[in-house]
Amino acid sequence: MRRFEWANALRGVAALTVLACHFAVAFWISQDVSAGLARRRPLYPGSTGAPGFARVLDSLPVDLAALGVSLFFLLSGFVIAISLERYSRRGFLVGRLMRVLPTYASGYLVTCGVIWLMSDPNHELSPSSILSGAVPGLALLVRVSAPGDGIVWTLIVELVFYAVCLATYRALTRHWQAIVAVAAGCVAMQWILGSVALDPHLAGLAYVVALACPFIPVMLVGVTLSARRRERLSGRATAIVVPLLAATYVLLASTTTVAPASVKYRATFVFAMTAFAMIAAVGDRWRQHPVASFFADISYPLYVVHPVLGYATISVL
């Protein structure tokens, strides 16, 4: 498979952006939330003791967490479109699951180890909770409480997208109508599931699907741009479909009851989709750089382990 160096470099940028947001902003601005993930008492109520640099970064017009996550989703769609062309359905499924699940399970064990070192104040650790939590979304489906790590929701969205890819397969990378149909399906599913309870343990599969609906169109932007790069879609179709997908994201993200987001968060996603489309058009000018390649190589395991491990470490220090 041809490797796009610009896309590989963006993977590292995405990981570093998420880390910067969580460690330089979220930890200090939302102490109640971050202390919960660290399994420690808050250092101060809310944001009352947040340092100046955290307040400055929080005031930026771009939400750094949204920027990193949106880049991950866009890159995933871009790369998955290539995998659909190369592999059979079975090969695609096995390849993607082997890429995602073992690393996540390993990182989740690190998270559980940190919770244990913090004396497990909420009594979260048990064989059933650890085993169910090691597979993204499984705890929701079997209605078992699992220790939260702060990032598993993005992996749940990823796995739902894999299911969409298996259902549509290569039509998704060759026919703009299939892309539009999936986006329309997300709108329909969110409308149908609009009454789903906010408690994920009561919602099960419905909650998982509703969680993914706003973000599938973002990943489809990556699919569309990838198909265009390989001349599977025309320029005219791409110019129509990408803005349509962005508008679909805004609609779904503005109306979801499962994953509500601020205006700045939604605007950052739209900005990321626009920037990604521009980078994809000129990305071949990028040349491999050892620093960018290093962070790209460790981006996924770093992303998986960083929230609980990082928050607990900073809190203790």
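Visitor: How far is the sulfur of Cys165 from the closest cysteine sulfur, and in which residue does that sulfur lie?

Guide: The sulfur of Cys165 lies 11 Å from the closest cysteine sulfur, which belongs to Cys186, and this is too far for a bond. The model is predicted, so local features need pLDDT of at least 70 and side-chain atom pairs count only at pLDDT 80 or more, whereas totals for chains, interfaces and linings use all residues. Residues are numbered from 1 along each chain as its sequence is written, and side-chain values use heavy atoms, leaving out hydrogens and water. The structure holds zero disulfides, a disulfide being a pair of cysteine sulfur atoms within 2.5 Å. Cys165 is buried, at 0% relative accessibility; buried means under 20% relative accessible area, exposed over 50%, and partly exposed in between, with a 1.4 Å probe and protein chains only. Cys21 is also buried, with a relative accessible area of 9%.

The largest nonpolar core has 78 residues, of which Ile216, Leu220, Phe269 and Phe276 touch the most other members. Such a core is a set of buried Ala, Val, Leu, Ile, Met, Phe, Trp, Tyr and Cys residues joined through side-chain atoms within 4.5 Å. Helix α4 supplies the largest share of this core, 13 residues; helices are DSSP runs of H or I with at least four residues, numbered from the N terminus. Leaving aside neighbours within four places in sequence, Leu220 is in contact (heavy atoms within 4.5 Å) with Phe161, Leu172, Ile179, Val182, Ala183 and Leu245.

Arg39 sits in the loop between α2 (31–38) and α3 (52–58), and is buried, with a relative accessible area of 8%. Its phi is near 60°, a positive value in a residue other than glycine. Tyr169, in the loop between α8 and α9 (171–174), likewise is not a glycine and has a positive phi of about 50°. Tyr169 is buried, with a relative accessible area of 13%.

Of its 33 lining residues, Arg11, Ser76, Val79, Arg96 and Arg99 are the closest to its centre. The elements giving two or more residues to that lining are α1 (5–29), α4 (64–86), α5 (89–117), α8 (152–168) and α16 (290–316), and α4 gives the most, with nine residues. A pocket is an open set of points on a 1 Å grid over the protein atoms alone where a 1.4 Å probe fits, with protein on both sides within 12 Å along at least five of seven lines; lining residues have an atom within 4 Å of a point.
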